[in-house]
Amino acid sequence: MRTRNLAALTLLFLSVGALADTLELTDGSVLKGCYVRDEAIRYLVWENFDQVGGPARAIPRSQVKSFKLERAADWDAHPSLPDLSVTFIEMTPKLAGLHGRVDYDDLGRPVLKGGSLPDLGDRAILHPEEVVKGLKLKYAPGEPITLTAHVKNAGFAAAKPFAVTWLMDGQVIGHDRCKKALKEMEETTFALKWNWREGRHTAALRIDTVQPEIATINNSIDDPLWGWSYYFIVSPGRAAAWHTARTAYGTFSFEDFYRWHVDLMNTLFAATKYPSSPDGITARVRLDRIVYADDPEKAQQAMTAADGIGYHQGGWTWMDDEDRNKSWKPATQEWRNSTEWSLPHELGHQLGLVDYYNLDCEGSPAHVWPDNGEKVTHFQNHPITMMHWHGPQVYSEADAGYFNMREGLPGGYFGDYYFAIPAENWLAIQDVNGRPLSGAKVSVFQRGMAVDPKGQPQTQEGVTWYPVIEDGNFDKPISPEPVISGVTDVAGRLRLPNRPAAEVVTLNGFHRMPNPFGNINVVGNRGDMLVKVEKDGASTYFSLEITDFVNAWFRGSKDSYTTTLKTTFRSVDSPLPPAGLHAESVDADHVKLTWDPPAVPRERNYLDRAIGFRVYRRISDAALNDRPWFPVATLGPVARDAVVDLRQFPDDTYWFTRTDRFAVSAIGELGLESEPVSVVMATK
């Protein structure tokens, strides 16, 4: 009998494992028949079906070459087992949030008002702390707190009575029991009284049971009590539909799947390490409440109390036509067995993070490249981050600085960290050899505004700025007229003037003052500037993105910051450039460049001696500092041609165009280069 049972179990395992995920590692090894979930910085892997729902092997993403998701129908088979899950721990009393209480005027100033907040008039603009002094924004040391843990049976058989253990910072502080059997989809709660202590404390509820279950990874929660509290609102019908199929988390539970995404945010917070956040984001988030509502939209409205305040720090409501028509279906296999990257992105918005794709700019007909007439574009400097694209990314450096600065403060503001701009800002313009480019004309244009033709230009330290029209419309293309203009000094420097900005202070500690961007708005439309540099009849373009200024501020450069822009203009002692550059397609993968040698105006003059040539390529019509020239070959002095392999190029983001440019410069003694001579290939 035991032999027959073993054979049956073996057949079941083989049928389940016959179609499962495949993970190929960079060392050449392949894991087949496994089950994988993506956590951006790592993959969590169950190597066989027996491991599903238990501890998983963590493999760093850098060690994974490819991943194929593939699940058999047996993945969704319903085991005749219970599955106890700690779905969330609610904390009361609740702290006030500021969602819906931040108003934006025509100058882009966020001001607290409405609800039960006192009307302080204009004083609220610079003194938000006075507006919220009547709100409960934090707990007092020793204040009694109630923690209520919710436990649900997300399995397909009744769960026997079980015990639970409460822990604080890993130390046992209490015990409790569920004395009855818990039916399928039935919930019970456990309450604990605790006196608040300052600091980063973690509460946990652990289910203690020996009964077999579908999963064990949902038997406990480690809740960061200092974290911002989220709510979820979902219809019971949607939760029931999700109970019919297994998710990437390894269980049959809507709550498990989406609580995992909140936990995943904390995993990514810890991994968001930059020069200004070497320890990552120390702030945390927690799921404080799940509201089950037949009318999620009505429940969403009820999240704002009678005093006009929402006692939460943000959340998410599931509401679509399935809920309106009460015709719920299980999520597709691909959807529920993948990570729903949109949620860590959208929950980031709930805490004030911006969409960085608003800094992507397709350009304006007023600013085109002279060699092909295409618009000068800009794509956000670091797009492979959570708040630019939904996807397996960590958060940005500006996000880390923002969260670490405002840890413990209420949610409700949005993008006010764009106000974190150094007090003094400079451009350092260089020639092709990295030397100061003096006497260069600099014109700065800006997106999201229009220069006021009736305005009176003003001058600061020899640099002119021009007044703009303030009509509340920040959705404008790059201005055809410069908003700043000047000439670089002998050191190649130009100070960006602090243009007028209507001051405002946020409760998070950010102060918008006069700055180069003027009345920067929190969405970031005015966060793009286009810099045109002209010298000796030649011109080129660069982008200034506000996140660079914000990152500098968070890194400690609050008083002064310099942006270095390297042009392709020659040095006074550069050799002369080659002449007659020509590009010809050899085949689909190769281009042949030919050129003539530089002229020799002065015989035997070491400044005119070319000791070699350097071949470059540049892709896209983005500004020069966005997608710069990259070298593809260095050749000797007798070279007159080179073949470029088009398959070899940096794995960058070429969003707006794939314009191909090739260039050749002459190399003089000491490695000094001439200005490159370039040629454009057809846009792909």
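**Group meeting: a walk through a predicted chain**

Good morning. Ser 253 sits in the loop that runs between helix H4, residues 236-242, and helix H5, residues 254-271. Is Ser 253 buried or exposed? Its relative accessibility is 2%, and buried means under 20%, so Ser 253 counts as buried. The side chain of Ser 253 also has a polar atom placed 2.9 Å from the backbone nitrogen of Asp 256.

Let us now step back to the whole chain. The chain holds eleven helices and 35 strands. Along the principal axes, its C-alpha atoms fill a box of roughly 100 × 70 × 45 Å. Of the 684 residues in the chain, 53% are buried. The accessible surface comes to about 29500 Å², and carbon and sulfur atoms account for 52% of that surface. Consider next the contacts between residues at least 6 apart in sequence: 72% of these join residues at least 24 apart.

I turn to the interior. In soluble globular proteins, nonpolar side chains tend to be buried together. In this model, the largest nonpolar core has 100 residues. Those with the most contacts inside this core are Phe 232, Tyr 395, Phe 403, Tyr 417, Leu 427 and Val 531. Which helix gives the core its largest share? That is H5, with nine residues. Apart from this core lies another, of 25 residues, including Leu 147, Ala 149, Cys 178 and Ala 203. To return to Phe 232, its contacts beyond four places in sequence include Tyr 258, Val 262, Trp 316, Trp 318 and Leu 347.

Strands of a sheet pair through backbone hydrogen bonds, either parallel or antiparallel. Strand S10, residues 162-168, and strand S11, residues 171-178, run antiparallel and are joined by seven bridges. Within this pair, Val 164 has Asp 176 of S11 as its bridge partner. S10 and S11 form a hairpin with two residues between them, and Asp 169 in the turn has a positive phi of about 55 degrees.

A further example is an open sheet of three strands, in the order S29-S30-S33, with antiparallel pairing. Which strands lie at its edges? They are S29, residues 579-587, and S33, residues 641-645, each of which pairs on one side only. From one strand to the next, the twist averages 20 degrees. S29 pairs with S30, residues 590-596, over six bridges in the antiparallel sense. There, Ala 583 has Leu 593 of S30 as its bridge partner.

Ala 502 is located between strand S23, residues 493-496, and strand S24, residues 504-505. Why does Ala 502 count as buried? Its relative accessible area is 18%, and the cut-off for buried is under 20%, so Ala 502 falls within that class. Setting aside neighbours within four places in sequence, Ala 502 is in contact with Leu 107, Arg 109, Arg 512 and Asn 519.

Thank you for your attention.

Note on methods
Residues are numbered from 1 along each chain as its sequence is written. This is a predicted model: local features need pLDDT of at least 70, side-chain atom pairs count only at pLDDT 80 or more; totals for chains, interfaces and linings use all residues. Side-chain values use heavy atoms; hydrogens and water are left out. Two strands pair if DSSP finds at least two bridges between them. Helices (H or I, at least four residues) and strands (E, at least two) are DSSP runs, numbered from the N terminus. Axes are lines fitted to C-alpha atoms, for helices over the stretch in contact, and angles run from 0 to 180 degrees between N-to-C directions. Buried means under 20% relative accessible area, exposed over 50%, partly exposed in between (1.4 Å probe, protein chains only). A polar contact is a pair of N or O atoms within 3.5 Å; within protein, one must be able to donate a hydrogen and the other to accept it, and residues adjacent in sequence count only if both atoms are side-chain atoms. A nonpolar core is a set of buried Ala, Val, Leu, Ile, Met, Phe, Trp, Tyr and Cys residues joined through side-chain atoms within 4.5 Å. Contact means heavy atoms within 4.5 Å. Accessible areas come from the Shrake-Rupley method with a 1.4 Å probe; for residues, only the protein chains shown count as cover.
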